[in-house]
Amino acid sequence: MRFTAVTKLKPEMNIYWSIVFTVSITVQSVSVSKTDFLQTILDSYDSSISPNFDNNEPTVVKVKLHVNSFDSVTESSMDYSLNALITQEWTDKRLDFYDLIDAEYLELDAKLIHKIWVPDLYFPNEKYSYFHDVTVQNKMLHVYDKGQVIYKARISLTASCPMDLRRYPMDTQVCSLYMESFAYSKRSVIFLWAANPLSLSKNLILPHFRILKHAPYECDPTMQFDSGNFSCLELKFTMKRNLGYYMIQIYIPSIFIVVISWVSFWLNVDAVPARISLGILTVLTMTTQKTSAITTLPKVSYIKAIDVWMAACLCFVFAALLEFAFVNILDRHQLKKFMSMRTAAEFSDSIERNDVIKRNPNARPLLYTKGFRKARRIDIISRFLFPCAFAGFCVCYWLVYNINSGTVGEQT
């Protein structure tokens with residue numbers, strides 16, 4: 001025996017839709033297969049029309065995000081990449097079960113998702129993104145009774161993140177992810193955050209950052225990505241840069257280079273080859289270190305914390321080289337005065353200090369005169385002045401940038 005069941009939907013719509021089912025009747029009950037129900041629903045369903053199109057009411061879509069991983073945060077291009085599972089939930093009365101089937105929900109294959117209306121969510125600050133499709137499309141759509149729909153999709157995207165690098169590498173960055181309807185204004189679709197809007201994977205690790213906090217917001221009304229009044233959500237990630245890598249690769253090596261440049265203060269004033277070689281070597285090494293430290297950074301016009309550090313270290317090693325040049329000039333100037341007091345036959349202007357001492361051992365006390373004593377005194381003063389000045393700079397540097405960095409983190 002066969003019969004037709006007719007169900008009226010929402011009398012206030014003034015449009016009556018009929019759902020026709022072919023059923024098998026037993027003695028005391030009626031059973032409708034889920035396959036027949038789903039096929040009949042989809043045959044009369046128009047996926048190009050939003051659920052509340054005829055009611056002139058917006059469809060409320062609740063959104064939540066589960067972040068599987070942060071793949072990278074890149075300063076040179078000022079963006080970040082992440083892999084996430086995005087979930088959207090809304091109500092579509094056209095998919096109501098009307099108690100015709102005995103099922104809590106229907107699981108639809110990814111191939112059928114295009115037959116159901118889904119929100120046109122997109123990411124305004126996205127640079128590029130893609131859906132995962134190994135081994136099949138990583139999409140899921142569940143239809144519950146009363147027309148509740150849950151849609152999930154796994155995506156990977158790279159989004160822009162304008163960064164302020166003035167305190168790099170002791171900076172705190174705030175990266176946002178915006179979500180907005182592309183074609184539907186607030187009259188048709190409204191996006192809201194779900195009860196638990198964001199969750200992070202327990203195994204989430206960033207190599208250079210740690211996430212201080214993450215918080216969902218509604219977009220600033222003054223910020224418009226497109227013309228029109230569109231519903232928009234914002235997700236902010238506040239990330240503090242880890243200093244471990246930079247301490248090992250930049251700060252500690254540069255401190256050693258500066259300390260090595262002070263070795264020349266313990267060498268004799270007349271050890272010209274050793275002191276000049278040490279000074280030039282430390283200057284060149286410091287220059288190379290500075291170049292490698294900023295290679296991966298964008299060419300910004302403002303001064304960064306790493307620029308201040310590298311410039312100060314370069315100034316200290318260069319000052320050590322200049323100190324040697326100064327004391328050497330003092331010593332040689334006194335030597336020339338001493339040599340000019342001797343006859344041309346005994347002393348020539350081209351005779352070096354060692355030649356003078358070899359020819360006349362009694363000249364050694366005379367050579368270590370006022371100029372030599374001044375040079376030695378400057379060397380002794382430099383042994384204490386340079387380390388104290390560098391230590392003072394280090395204390396001021398770390399206090400200033402760490403205090404400022406903490407203030408920025410608290411404000412965000």
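This is a predicted model: local features need pLDDT of at least 70, side-chain atom pairs count only at pLDDT 80 or more; totals for chains, interfaces and linings use all residues.
UniProt, in an unreviewed entry, places the feature "transmembrane region" at residues 243-267, 308-330 and 380-400; its positions are given in the numbering used here, feature names are shortened, and annotations may be inferred rather than shown by experiment. For residues 380-400, the end C-alpha atoms lie 31 Å apart, and this span too is 100% helix and 0% strand. Across the protein chain there are 7 helices and 13 strands, where helices (H or I, at least four residues) and strands (E, at least two) are DSSP runs numbered from the N terminus.

Of the 412 residues of the protein chain, 41% count as buried. Here, buried means under 20% relative accessible area, exposed over 50%, and partly exposed in between, with a 1.4 Å probe and protein chains only.

The structure holds 24 aromatic pairs; rings of Phe, Tyr and Trp (its six-membered ring) pair if their centres lie within 6.5 Å, and planes under 30 degrees apart count as stacked, over 60 as edge-to-face and the rest as tilted. Tyr251 and Tyr397 form a tilted pair, 6.2 Å centre to centre with 55° between the planes. Because Tyr251 lies in helix H2 (residues 244-261) and Tyr397 in helix H7 (residues 370-411), the pair ties together parts that are 146 residues apart in sequence. Both tyrosines, Tyr251 and Tyr397, are buried. Phe265 and Phe386 make another tilted pair, with ring centres 4.9 Å apart and planes at 55°. This pair also links distant parts of the chain, with Phe265 in the loop between H2 and helix H3 (272-293) and Phe386 in helix H7, 121 residues apart. Phe265 is buried at a relative accessible area of 0%, and Phe386 is buried at 11%. One aromatic cluster is formed by Tyr251, Trp262, Trp309, Phe316, Phe390, Phe393, Tyr397, Trp398 and Tyr401.

Which residues touch the most other members of the largest nonpolar core? They are Tyr80, Ile86, Trp309 and Phe390, out of 83 residues in that core. A nonpolar core is a set of buried Ala, Val, Leu, Ile, Met, Phe, Trp, Tyr and Cys residues joined through side-chain atoms within 4.5 Å. Helix H4 (residues 305-340) gives the most to this core, with 10 residues. The core draws at least three residues from each of domain 1 (34-241) and domain 2 (245-350 + 358-404), with bounds that come from an automatic or database domain assignment.

Leaving aside neighbours within four places in sequence, the contacts of Tyr80 include Phe70, Leu157, Cys161 and Cys175. Phe70 has its place in strand E3 (residues 59-74) and is buried, with a relative accessible area of 5%. With the neighbours within four places again set aside, the partners of Phe70 include Tyr80, Ser81, Ile211 and Phe237. The C-alpha atoms of Phe70 and Ser81 are separated by 5.9 Å, although these residues are 11 apart along the chain.

Most residues other than glycine have a negative phi, and most peptide bonds are trans. The peptide bond from Val134 to Thr135 is cis, with omega near -5°, and Thr135 is in the loop between strand E7 (126-131) and strand E8 (139-144). The bond from Tyr168 to Pro169 is likewise cis, with omega near 5°. Asp99, which is not a glycine, has a positive phi of about 60° and is exposed, with a relative accessible area of 63%.

Notes:
Residues are numbered from 1 along each chain as its sequence is written. Side-chain values use heavy atoms; hydrogens and water are left out. Contact means heavy atoms within 4.5 Å.
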